[in-house]
Amino acid sequence: MGKVFVFDHPLIQHKLTYIRQKDTGTKEFRELVDEIATLMAFEVTRDLPLTEIEIETPICKTKAKVLTGKKLGVVPILRAGMGMVDGVLKLIPNARVGHIGLYRDPETLKPVEYYVKLPTDIEERDFIVVDPMLATGGSAVEAIHALKKRGAKHIIFMCLIAAPEGVKALEEAHPDVDIYIAALDEKLNEKGYIVPGLGDAGDRLFGTK
Ligand code: URA
């Protein structure tokens, strides 16, 4: 089973409190989501491999560590996932960005792919799938399935707020995927919103209704 990591960093918790509040406007909401994504990316990249190179400081020659240059990909689930991409890219600017768009089939209510554009060297990359809300888990499960069927071997999932129902569904469908969450909330309501949550993340990010 993959691990589920819930962030307890005070900066993340503080910023989350502000995006949860209904009176937080679009500009501030967007900025805070971006900042939280950066803080989460710091932790998510903790195990990136390092190698030693020779360098010369003004004082002497020495050996120092640099990233090996492991190839990474960030994949937002459209559209709310877009709000987390720039925050992640601030720390890993060379990552490629793929996109996955899903719609809900009106009859089966299951998510169906309508747009998938990924880097070409999928098998060599580690992927971070981002979506602010893990509600039922349907979109995350399908997006990760879309990546795997195209050859992705190592994937992690990163979201701001999750419902226990979504975590369970994602763990069951993709036990090899580690899940990084800023807050694990109480439940889903009858309309599929996370409680207490923050409402519709896409609408709040893009100022739509
Ligand atoms: N998607 C959202 O944007 N918010 C929720 O609460 C659940 C799914």
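Helix axes are lines fitted to C-alpha atoms over the stretch in contact, and the angles between them run from 0 to 180 degrees between N-to-C directions; helices (H or I, at least four residues) and strands (E, at least two) are DSSP runs, numbered from the N terminus. The structure is a predicted model, in which local features need pLDDT of at least 70 and side-chain atom pairs count only at pLDDT 80 or more, while totals for chains, interfaces and linings use all residues. Residues are numbered from 1 along each chain as its sequence is written, and side-chain values use heavy atoms, with hydrogens and water left out.

Helix α1 (residues 10-20) packs with helix α2 (residues 26-44) at an angle of about 155 degrees, the two axes lying 10 Å apart. The two helices are therefore roughly antiparallel, a term applied to angles over 145 degrees, and their crossing is left-handed, that is, the near helix is turned anticlockwise from the far one by less than a right angle. On the α1 side the contact (heavy atoms within 4.5 Å) includes Leu-11, Lys-15 and Ile-19, and on the α2 side Phe-29, Glu-35 and Met-40 are among the residues involved. The contact comprises 11 nonpolar, no polar and 2 charged residues, where Ala, Val, Leu, Ile, Met, Phe, Trp, Tyr, Cys and Pro count as nonpolar, Asp, Glu, Lys and Arg as charged, and the others, Gly among them, as polar.

For α4 and helix α5 (residues 164-173), the axes come within 8 Å and cross at roughly 25 degrees. That makes the pair roughly parallel, the term for angles under 35 degrees. Ala-140, Val-141 and Ile-144 of α4 meet Ala-169, Leu-170 and Ala-173 of α5, a contact of 6 nonpolar, no polar and no charged residues.

The largest pocket holds about 1000 Å³ of space. A pocket is here an open set of points on a 1 Å grid over the protein atoms alone, where a 1.4 Å probe fits, with protein on both sides within 12 Å along at least five of seven lines, and lining residues have an atom within 4 Å of a point; grid points are joined across faces, edges and corners, and the volume is the space filled by probe spheres set on them. Of its 32 lining residues, Arg-104, Asp-131, Ala-135, Thr-136 and Ser-139 are the closest to the centre. Helix α4 gives the most to this lining, with 5 residues.

Technical notes
Angles under 35 degrees count as roughly parallel, over 145 as roughly antiparallel, 65 to 115 as roughly perpendicular and the rest as oblique.
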